[in-house]
Amino acid sequence: MTAAVGVGRLLKRTAIALVALQAMVVAAKMVAPGRSEPVGVSPGAGTRAPAGEGAASTSVAPHRSPYELAPDELAPRTGPPRAGGDGWRWTAALGLVGSVGLLVVAISYQLSRSGRGWAEALFWAGLLIVLVPFATRLASRTPSRGERIALLALLAAYMYLVKVLHDPFGFMFSDELIHQRNAEEILRSGSLFGENSLLPVTAVYPGLETAAAAIASLAGVSVFTAGLLVVGSARVAIAVALFLVFERIGGSARLGAVASLVYLVSPNLLFFSYQFSYESLALPLGAAVVFAAIARADARGRHERLAWTVVAVLLIGAIVATHHLTSYSVAVVMLALLVTSLLAGRRGSGFGALGLVAALASGLWAVLVAPETLTYLGDIFSRTSQSVVDTASGSSASRALFRSPSGESAPAWEPIVAIVATALTTLASALALPRAWRWRHRHPLIPLLALAALGYPAFLLLRFASSAWETGNRASAFLFIGVAWMVALAGPHVLLPLRSRLLGRAILPALCAVVLVGGVLSSWSPSVRLSQPFRVSLGGTTTEPEGAVAARWTRDQLGPGNRIAAPAAEARLLLAEGRQTALTGSSNGNINVLLSFPPFGPAEEEVIDANDLDFVLVDRRTIAFDNIAGYFFGIVGSRSAQARPTFAPEVVRKFDVPRTDRLYDSGDVTIYDLRRISR
Amino acid sequence: MIPSRRAITVTAALGLIAGAAALAPLPSGLRLVLVAPLALALSGYALTAALFPGRSLDLAARWLLAGTLSIAVTIIAGLSLNTAGIRLETLPWALTLSGLTLVACAVAERRRPAPDAEPVARVRQPGRRRGVAPALMGAFALGILVVSMVLVRVPLSSSVAQGYTSLWLVPDANDPSRLALGVESHEASTTDYRLTLVVEGRRTVDRSLALMPGERVEVDYLVPFTRTGATIQARLYTDDAPGRVYRSVRMTVPRADINGGTPSPEGPLDEKRT
């Protein structure tokens with residue numbers, strides 16, 4: 001029995017790498033010898049292309065792609081094109097190198113958790129060991145189409161594993177805990193549309209949680225394991241979907257691969273878009289819808305068109321139930337494709353019909369199932385616009401970049417790299433504009449991608465506004481698709497003047513490396529970029545930080561469903577681990593004021609009464625208000641632990657008044673019973 | 001690429017096995033390996049094979065649709081079951097997803113082009129053998145990934161993190177004169193404590209206890225009270241700093257109608273050490 005359990009555990013751990021394995025299976029299929037297939041076209045429609053480009057380049061688009069330039073226009077080339085068998089070897093070799101890179105990242109995380117030096121240097125080294133070989137191979141002319149797809153799928157899986165290794169014990173990014181609660185509620189209640197006190201709108205878009213709950217229920221695993229598999233599969237899918245889209249519109253497998261590669265290094269993708277969060281699933285499904293719509297427009301015959309319609313409608317249905325903004329974006333993109341098609345003189349593409357389906361479905365969902373969506377999004381947009389106006393007019397100070405919410409500043413070199421990365425992508429997009437303009441009639445998606453790329457820098461500016469930065473952050477996941485396309489389109493502009501073969505080969509991997517590093521630097525403060533200590537060994541057992549232990553204590557001793565006010569990080573733990581109705585922030589009756597300012601008075605009683613609070617959790621560490629960095633142990637003896645600021649004693653003890661009961665005390669965390677005030 | 005009869009048969013078989021595995025008492029790891037493909041690949045692959053029976057779809061697009069449609073179908077199946085008032089539990093999930101996969105496989109098989117429309121067997125080209133090296137490299141890569149996964153899951157030494165101790169005092173929901181007093185050590189080493197319980201200003205419990213890291217003591221006390229508003233306060237001290245209160249909790253008696261008598265605990269009714 002023990003052996004069976006041991007084997008089960010080992011299998012479970014191995015299954016975490018299932019995403020990578022799945023990518024490897026795809027890889028094996030893709031690079032099988034002699035495989036050279038047309039892209040979604042009928043038999044005989046394609047003619048075989050040279051092995052270096054894959055068949056797609058000639059079978060789909062009759063126009064000439066910038067990546068089909070004569071060999072001497074790019075880099076000097078010697079010898080015949082490589083055969084498909086080489087692709088298999090290359091893919092396996094790069095898979096091995098990438099896994100070594102991941103091992104280096106894993107070591108860096110372990111060093112970081114123990115507060116030892118070299119962790120950050122190893123992290124960057126590991127990331128680059130994963131990325132650079134893949135980028136170099138993908139940018140070269142030799143791989144077959146199948147090999148390119150296999151490499152992209154593997155790279156996407158490896159980049160996702162960088163995030164998985166970051167938090168191996170459970171979901172730790174702020175949105176993840178909110179969605180974890182929803183999924184666990186589905187498992188417990190057996191039904192959808194439960195309640196979520198921190199982000200109510202997530203409960204009425206249960207697509208991600210439904211898929212995770214299905215796997216958790218079928219396989220008997222935790223929501224964490226199931227969620228990792230769902231998001232991992234989706235992130236591999238988006239790499240392939242974007243490749244197929246870019247390849248179709250660009251007429252070149254190499255162009256498609258380069259554009260998809262650039263998307264894989266987009267700023268904020270590494271951790272933010274790999275979260276167990278609804279957008280992480282919806283966006284890949286959205287990319288698949290765009291591919292299906294384009295394939296449908298090119299389809300030959302009624303049956304094929306109908307099949308693509310069924311695919312697109314099923315995917316749209318899933319998106320509508322998964323994420324509000326992505327479903328609206330799909331509708332907008334489809335309708336915009338209709339407009340650009342008509343402008344290009346194309347009719348009967350079917351984009352309009354799919355756009356209407358998406359608009360109607362998402363509209364009906366918002367009205368009938370999720371009426372709170374409009375209020376939620378309206379609040380965000382009004383807050384964003386107000387913040388932009390305030391910042392632009394100087395009435396509120398601009399947000400300090402490269403500083404964490406807890407006030408930690410980044411070293412001086414980091415802003416430089418981040419700015420260089422942004423400047424490079426912007427420059428590349430600008431260089432590609434003339435080509436995008438010349439190509440505007442080649443495919444209706446091309447003008448839209450150019451527009452997205454143009455909009456990207458504008459949204460970056462939102463990062464300067466204190467209440468708008470998150471909107472800019474989230475928008476970048478969508479808009480960078482356009483940037484990736486434009487950067488790939490700019491490739492020949494950059495490569496053509498280069499006479500050096502070495503430079504020609506190095507420039508794209510170098511660009512990808514700078515964009516990846518710059519993106520991570522600009523999006524994540526040093527304290528959370530690397531893994532932080534969450535689980536420590538205590539003799540024969542393990543323990544976790546005070547917030548997590550307190551959250552589970554509330555579930556066990558007070559029962560679930562109590563209304564508890566808490567700082568941002570602990571509120572999420574109370575929601576997910578404690579199964580409580582947690583309240584936090586300023587949008588919930590000014591809980592932050594309740595927790596941050598002394599003394600206890602009528603205003604506090606008003607907030608307690610208005611929110612019908614049962615309990616309050618007080619944390620003396622200000623970092624508990626940081627929903628990204630507030631979950632972890634401080635490392636003994638480290639500078640960051642010593643520098644962790646705390647509230648003044650009068651704030652911490654403000655609830656020590658006669659009408660409260662102090663039920664729990666673990667040093668930093670205290671829980672008070674407020675029921676004699678609220679009732 | 002036309003989905004082969006063998007691929008469709010294998011998909012149907014795997015769908016069936018996954019459905020059965022979900023209901024079988026297997027270790028969760030094994031169940032995961034058998035069942036996860038049902039929601040992540042099989043149902044979508046079968047559906048794609050049914051929708052695109054001919055050569056109109058290449059392998060990459062087929063794999064993309066297999067993954068994305070599987071997730072989409074799972075989401076839509078969940079919504080449908082929920083709307084039909086069926087609880088989202090293992091049996092309905094297994095029946096729905098396995099059933100969908102099998103039906104889609106049957107449709108795919110029925111819609112498959114006649115055998116003569118299939119291409120002739122691919123002739124292996126000389127010099128294109130895969131060899132053993134790539135497979136070995138793939139196996140090494142997978143091994144390194146598992147090692148990485150195991151490495152990051154190794155808990156840190158307790159000396160890395162600042163330890164702490166939790167103290168709590170919770171009245172019984174049905175009988176406020178019964179109190180649960182608990183101490184749990186998350187300290188790095190075995191710690192000696194002194195625990196006191198003060199009822200209406202009188203120290204009624206004063207005991208020493210030593211807890212190993214991760215150990216917890218929970219004691220149920222019966223405390224008769226004399227008046228409403230009487231306070232009970234528990235304090236914890238460590239032997240390292242016996243004069244300084246290390247942890248402190250307190251509660252106020254909410255009602256007068258509880259047992260009267262001497263304000264002293266009747267002693268531990270039940271003590272659990274875990």
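Biologist: In β5(B), which residue is the bridge partner of Glu184(B)?
Modeller: The partner of Glu184(B) is Arg216(B). Please bear in mind that this is a predicted model.

Biologist: How many bridges join β2 of chain B to β5(B), and do they run parallel or antiparallel?
Modeller: Strand β2, residues 178–185 of chain B, is joined to β5(B) by seven bridges, and the two run antiparallel.

Biologist: Why is β5(B) described as largely enclosed?
Modeller: Five of the seven residues of this strand, which covers residues 216–222 of chain B, are buried, so the rest of the structure largely encloses it.

Biologist: Turning to chain A, how many residues of β7(A) are buried?
Modeller: Five of the five residues of β7(A), residues 669–673, are buried, so this strand is likewise largely enclosed by the rest of the structure. Val669(A), Ile671(A) and Asp673(A) point one way from the strand, while Thr670(A) and Tyr672(A) point the other way.

Biologist: Which strands pair with β7(A)?
Modeller: Strand β5 of chain A, residues 615–619, pairs with β7(A) in the antiparallel sense over five bridges. Strand β6 of chain A, residues 661–665, also pairs with β7(A) in the antiparallel sense, over four bridges. As for individual residues, Val618(A) stands opposite Thr670(A), and Tyr664(A) has Ile671(A) as its bridge partner.

Biologist: Which residue takes a positive phi in the hairpin of β6(A) and β7(A)?
Modeller: That is Gly667(A), with a phi near 105°; the hairpin has three residues between the strands.

Biologist: Is Glu247(A) buried or exposed, and what about Arg145(A)?
Modeller: Glu247(A) is buried at 1% relative accessibility, and Arg145(A) is buried at 6%.

Biologist: How far apart are the closest N and O atoms of Arg181(A) and Glu185(A)?
Modeller: They are 3.4 Å apart, and the two residues form a salt bridge. Because Arg181(A) and Glu185(A) are four residues apart in helix α7 of chain A, about one helical turn separates them. Arg181(A) counts as buried at 8% relative accessibility, whereas Glu185(A) is partly exposed at 23%.

Biologist: Which residues are linked in a network of salt bridges?
Modeller: Glu570(A), Asp619(A), Arg620(A), Arg621(A) and Asp668(A) are linked in such a network.

Biologist: And how many disulfides are there?
Modeller: The structure holds zero disulfides over all chains. As for individual cysteines, Cys512(A) is buried with a relative accessible area of 1%, and Cys105(B) is buried at 5%.

Biologist: Last topic: how far apart are the end C-alpha atoms of helix α12 of chain A?
Modeller: They are 30 Å apart, which agrees with the 30 Å that its 21 residues should span at 1.5 Å a residue. In α12(A), 19 of the 21 residues are buried, so the rest of the structure largely encloses this helix.

Methods. Residues numbered from 1 in each chain as written. Chains lettered and ligands numbered in written order. Predicted model: local features only at pLDDT ≥ 70, side-chain atom pairs only at ≥ 80, totals over all residues. Heavy atoms only, no water. Disulfide = S-S within 2.5 Å. Buried < 20%, exposed > 50% of the residue type's maximum accessible area, 1.4 Å probe, protein only. Expected span 1.5 Å × (residues − 1). Pairing = 2+ DSSP bridges. Salt bridge = Lys/Arg side-chain N within 4 Å of Asp/Glu carboxyl O.
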